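Open your viewer, load the model and keep the selection tool at hand. We will go from one stop to the next, with a word on what to look for at each.

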Amino acid sequence: LYIEPTENQIPARMTFGLNYSKDGLGCNINSSVLMNTGYGLRERAYLWGTVVWESAGQNHILLSHLHKIVGAIETADIVLKLYGKPGEILRESYRTTNGTALNIDADALVLSSGYTPEENEVLWYTLESPSPNYTATQLHIGRNGLVGGDHSF
């Protein structure tokens with residue numbers, strides 16, 4: 001996306017939709033190019049979302065490290081915590097660089113934790129970093145092929 005501004009001004013927020021589907025059944029997740037003056041100025045990143053456990057389903061956490069300053073060089077650590085009925089079941093750390101993304105297989109994390117969720121149990125994750133420059137999206141692909149998702153909160 002290239003924007004050539006008139007009078008050196010660009011919109012503070014440009015919305016777009018991300019379409020995720022499998023075999024025609026999918027979802028649209030609205031997001032925005034976060035160019036407003038408040039983005040990235042908070043003290044840290046704290047994001048959360050759900051992981052719906054289905055033995056034949058799939059869950060993905062799509063993490064993006066995006067600094068709003070063009071050409072910014074930043075490397076940061078982010079901690080993912082996964083919660084089930086007994087509380088925290090897993091903690092995993094990642095190091096990312098500005099302009100990169102991670103597609104995290106949440107089901108593999110659940111299985112590696114040693115916790116066995118009940119069918120259709122809703123688990124939760126948090127993502128925490130001292131860097132405020134993160135966004136995340138979660139996707140659930142059900143056993144019947146229906147795709148659902150949302151941005152992290």
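Helices (H or I, at least four residues) and strands (E, at least two) are DSSP runs, numbered from the N terminus. Before the first stop, note that this is a predicted model, in which local features need pLDDT of at least 70 and side-chain atom pairs count only at pLDDT 80 or more, while totals for chains, interfaces and linings use all residues. Residues are numbered from 1 along each chain as its sequence is written, and side-chain values use heavy atoms, leaving out hydrogens and water.

**The whole chain**

Start with a cartoon view. The protein has 1 helix and 10 strands, and from the N terminus on the elements run β-β-β-β-β-β-β-α-β-β-β. Of its 153 residues, 38% are buried, where buried means under 20% relative accessible area, exposed over 50% and partly exposed in between (1.4 Å probe, protein chains only). Among contacts (heavy atoms within 4.5 Å) with a separation of 6 or more, 68% join residues 24 or more positions apart.

**Strand β3 and its partner**

Now select β3, residues 45-52.

**An aromatic pair**

A search of the whole structure finds 1 aromatic pair. W48 and W124 form this tilted pair, with 5.4 Å centre to centre and 45 degrees between the planes. Rings of Phe, Tyr and Trp (its six-membered ring) pair if their centres lie within 6.5 Å; planes under 30 degrees apart count as stacked, over 60 as edge-to-face and the rest as tilted.

**The nonpolar core**

Next, show side chains for I61, L80, L82, L109, L123, L127 and Y134. These have the most contacts inside the largest nonpolar core, which has 23 residues. Such a core is a set of buried Ala, Val, Leu, Ile, Met, Phe, Trp, Tyr and Cys residues joined through side-chain atoms within 4.5 Å. At least two residues each come from β3, β4 (58-65), β5 (75-84), β6, α1 (106-113), β8 and β9 (134-141), and β5 supplies the largest share, 4 residues. Centre on L109: leaving aside neighbours within four places in sequence, L109 is in contact with L80, L82, L90, E92, Y94 and I104.

Move to R91 in strand β6. Not counting residues up to four places away in sequence, R91 touches V79, L80 and K81. The C-alpha atoms of R91 and V79 are separated by 6.9 Å. The R91 side chain also makes a polar contact with that of E88 (3.0 Å); a polar contact is a pair of N or O atoms within 3.5 Å, and within protein one must be able to donate a hydrogen and the other to accept it, with residues adjacent in sequence counting only if both atoms are side-chain atoms.

Finish at N98, in the loop between β6 (87-97) and β7 (100-105). Is N98 buried or exposed? N98 counts as buried because its relative accessibility is 19%. A polar atom of the N98 side chain lies 2.8 Å from the backbone oxygen of A72. Beyond its neighbours within four places in sequence, N98 is in contact with H65, L66, H67, A72 and E74.
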